[in-house]
Amino acid sequence: MSAPEDRPGTPVGGLPLRPELLGQVPYGAPQLDVAHRLNVNENPYPPPAAMVADVATAVAQVATGLNRYPDRDATALRGELASYVARDVPAAAPWVDAAHVWAANGSNEVVLQLLQAFGGPGRTALSFAPTYSMYPDYCRDTFTGYATLPRREDFTIDLDAALAHVRDRRPDVLLVASPNNPTGTALGLDEVDALCRASAGMVVVDEAYAEFRRPGTPSAIELLDEHPRLVVTRTMSKAFALAGARLGYLVAGSAVVDAVQLVRLPYHLSAVTQAVARTALRHADALLAGVAALRAERDALVVWLREQPGLAAADSDANFVLFGRFADRDAIWARLLDHGVLVRATGPAGWLRVSAGTPEEMAAFRTALRASIEPGDVRA
Ligand SMILES: *Cc1c(COP(=O)(O)O)cnc(C)c1O
């Protein structure tokens, strides 16, 4: 990867790479073998034993048919995801069914498919920074322009500036994470509604962390029946403790589901993935009990961080907390690692992001952070 002499348009390693890929590095949150991994917002609770047993049975069953391609449309899974959505967002219950749900390998693939269908050369997507680091990559990979507007000091979006930009510049896709990664900030329904009304393009609300939202924080799914160009994406990677299985989905009008089917690869979602996801949905109650525990850890973590001299922590509706500000966040990151705690140096300068973990992991994090901060490390 080290080829400092590479200039745009010159081959890398003898390969005629697309010029916009020259000098880029792959997505790479460190996967280090340390005691407490609190850096990629995984669910720290492994799937319960009863679910593991059911997954094994379900996979054995589909294994007998693996000579055949899977159900291309994942119809049974989509129906079961719809039932889950109806339960999580009762306002959607009257209309949500398989025709309003689409599933793929992680919500990363879902958003990529949305940009394949609704972005493209000459088109642009707009987001609000700081936000998810993959958005510019999806845009690059679909030849879609990418622009951001800055979030305010408290990480909320400046709605007036956003509406003015949308009316003026008419982006083809709005891409908004809510709760946002890495800040934890959720959008209000009034904000989603205003963005949908102002926009002539698609409005994608990335709700990867939806299940972690605090009481009273709504889901944009509530607005889907009013806005045909609104799409809400979700994932089983976080709340369902299923990051390793790769299952994301969207909820939207059925025309959106028809549109992404134009760009999906044939048989994109393996029979094994479909079976594992369906099994996990049957264990939703046990899995969501873990989510409630993580929400409580998250809230306690925000309170504790704010009690530390000089430290600030952002309000969070997700399973992580952004905290700071440090004169040298990389130094704090390295000291935490020396204490066996891996967090993420991401977001605005001076801030670090820590995932909510088990009570034991949170205790280890608090001890490590106390030991890592020296006078002068925290900026006013
Ligand atoms: C973790 C995360 C996702 C989930 O990605 P998957 O592909 O479903 O694992 C999507 N969006 C954001 C903002 C995330 O932080």
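**Backbone features, pocket and ligand surroundings**

N41 sits in the loop between β1 (36–37) and α1 (49–63), where helices (H or I, at least four residues) and strands (E, at least two) are DSSP runs numbered from the N terminus. The structure is a predicted model, in which local features need pLDDT of at least 70 and side-chain atom pairs count only at pLDDT 80 or more, while totals for chains, interfaces and linings use all residues. Residues are numbered from 1 along each chain as its sequence is written, and side-chain values use heavy atoms, with hydrogens and water left out.

Although N41 is not a glycine, its phi is positive, at about 60 degrees. Most residues other than glycine have a negative phi, and most peptide bonds are trans. Two cis peptide bonds can be visited next. One joins A129 and P130, with omega about 0 degrees; P130 is placed in the loop between β3 (124–129) and α4 (135–141). Another cis bond runs from G324 to R325, with omega near -5 degrees, and R325 belongs to the loop between β10 (320–324) and α10 (329–338).

The largest pocket holds about 770 Å³ of space, a volume being the space filled by probe spheres set on the points, which are joined across faces, edges and corners. Its lining has 36 residues, of which Y27, V40, N108, Y132 and K238 are the closest to the centre. The largest pocket lies between domain 1 (19–47 + 286–372) and domain 2 (65–282), because both give residues to its lining; the domain bounds come from an automatic or database assignment. Helix α3 (residues 106–118) gives the most to this lining, with three residues.

A ligand oxygen atom lies 2.7 Å from a backbone N or O atom of S107. A polar side-chain atom of N108 is 2.6 Å from an oxygen atom of the ligand, and a side-chain N or O atom of R246 is 2.7 Å from a ligand oxygen atom. The protein buries 94% of the 390 Å² that the ligand exposes when taken alone, with accessible areas from the Shrake-Rupley method and a 1.4 Å probe; for residues, only the protein chains shown count as cover.

Note on methods
1 Å grid on protein atoms, 1.4 Å probe; cavity = no way out; pocket = protein on both sides within 12 Å on 5 of 7 lines; lining within 4 Å. Polar contact = N/O pair within 3.5 Å; in protein donor to acceptor, adjacent residues only side chain to side chain.
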